[in-house]
Amino acid sequence: MKHNIGNILAAGYAIVGLAALASCAGEKFHVTGSIANAKDSLLYFEHNGLDGFSTVDSVKLDEKGSFSFSGDKVDNPEFYRLRIAGQIINIGIDSTETVDVKATYPQMATDYTVKGSSENEKIKELALKQIDLQARCQSILAERPDIADSIITVLMNDYKQDVSRNYIFKEPMRAYSYFALFQYIVIGNQAHLIFDPSRDAADNKVFGAVATSWDTYYPGSKRTQNLHNITIKGMKDERIVKAQNKPVEIEAKELGVVDLPLRDNKGVERHLTDLKGKVVLLDFHVFAAKGSTEYIMHLRDLYNKYHDRGLEIYMVSLDDNAHFWKEQVANLPWINVYDDTGISQAYTAPAQTVPIIYLIDRGNNIVKNPSQIKNLDEEIERLL
């Protein structure tokens with residue numbers, strides 16, 4: 001259970017330079033509200049950055065507990081917090097929104113409401129989940145110290161499965177998904193990242209999903225670059241371990257797959273990660289789209305040509321009608337699954353048209369994304 005998270009946490013929340021914070025000078029965001037039972041308390045409004053926390057503003061609360069803070073708009077989501085002593089409310093800011101917070105001290109970390117931002121409603125959900133996980137882990141440690149490590153590992157794995165599936169993979173481009181990546185719990189005096197790419201290769205896939213999405217929505221931002229750096233370092237660490245500490249050169253373009261545990265037309269759950277050892281054409285398709293029949297015929301030709309040499313097709317339907325989809329795939333020879341969970345957004349956001357194609361090598365690494373594929377036949381031949 002000992003995790004070294006200093007470097008990752010430092011890379012997760014960066015203080016953006018003054019130039020960046022003022023990049024959209026004149027446009028402001030606002031955080032307003034009131035905190036009951038906090039008369040004469042000092043309320044801090046702090047920026048949560050890569051190098052730690054910096055105070056943006058503060059106010060001594062009166063009997064009404066009202067406050068109002070503002071800041072310059074930035075080009076990517078930024079993170080702040082309201083703090084009185086050790087009680088904290090996390091705030092995500094995207095654009096020029098006004099976020100209204102109502103809380104009651106001294107339990108304001110859990111006893112608060114937030115309006116004006118669906119992002120911050122999700123951040124609150126995640127914060128409450130984290131607080132609950134922290135309490136459960138502390139209880140186990142106190143009651144069963146002899147087996148606490150193994151139970152806490154199970155609790156954290158359950159938490160990761162819930163948060164990755166129901167939050168991060170659904171909308172990896174969101175501020176709350178970034179926020180979730182850097183949640184942690186404290187055991188004793190040591191902080192433990194919940195998603196820790198240095199310890200769990202599966203966690204690196206979660207970081208990779210957010211990194212890929214942020215690269216599309218917020219290209220060139222410091223947070224996007226840090227996500228890529230963490231992901232690539234995690235990949236390198238994993239492969240060094242697998243190679244028994246022999247140095248391995250990792251190309252930045254090579255990203256491990258984010259698993260898609262989806263059910264096929266026979267109800268069997270099929271995992272993308274189970275196809276390691278094969279060259280995989282990952283295809284997101286809408287069978288109701290114009291030109292689908294001709295496209296499927298072309299895929300049949302490719303499948304017939306290369307399947308015996310190690311090609312597999314993992315086709316994800318994004319159709320609205322599951323019954324229609326089942327009829328369309330009944331006679332197709334490759335793996336056909338249906339996504340009614342939203343998990344595919346890790347790959348499909350923000351694409352507007354289908355099909356969306358990725359090529360995955362025998363090591364289960366994405367080597368070609370949709371914009372890089374020029375001649376599908378030649379690319380498959382090269383990987384085989």
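A salt bridge here is a side-chain nitrogen of Lys or Arg within 4 Å of a carboxyl oxygen of Asp or Glu. Keep that cut-off at hand for these exercises on a predicted model.

**Exercise 1.** Decide why Arg-174 and Glu-171 count as a salt bridge, and find how exposed the two residues are.

*Solution.* Start with the distance: the side chains of Arg-174 and Glu-171 meet at 3.3 Å, N to O. The cut-off is 4 Å, so the pair qualifies. Next, look at accessibility. Arg-174 has a relative accessible area of 33% and is partly exposed. Glu-171, with 23%, is partly exposed too.

**Exercise 2.** Describe the salt bridge between Arg-223 and Glu-78: where does each residue sit, and is each buried or exposed?

*Solution.* First, the contact: the N to O distance is 2.7 Å. Then place the partners: Arg-223 belongs to helix H7 (residues 222–242) and Glu-78 to strand E5 (residues 78–84), so this pair, 145 residues apart, links distant parts of the chain. Finally, check burial, which means under 20% relative accessible area. Arg-223 has 1% and is therefore buried. Glu-78 also has 1%, so Glu-78 is buried.

**Exercise 3.** Now widen the view: how many salt bridges does the whole structure hold, and which residues join Glu-46 in a network?

*Solution.* A search of the whole structure gives 16 salt bridges. Glu-46 is linked with Arg-81 and Arg-83 in a network of them.

Definitions and conventions: Residues numbered from 1 in each chain as written. Predicted model: local features only at pLDDT ≥ 70, side-chain atom pairs only at ≥ 80, totals over all residues. Heavy atoms only, no water. Helix = DSSP H or I, 4+ residues; strand = E, 2+ residues; numbered from the N terminus. Buried < 20%, exposed > 50% of the residue type's maximum accessible area, 1.4 Å probe, protein only.
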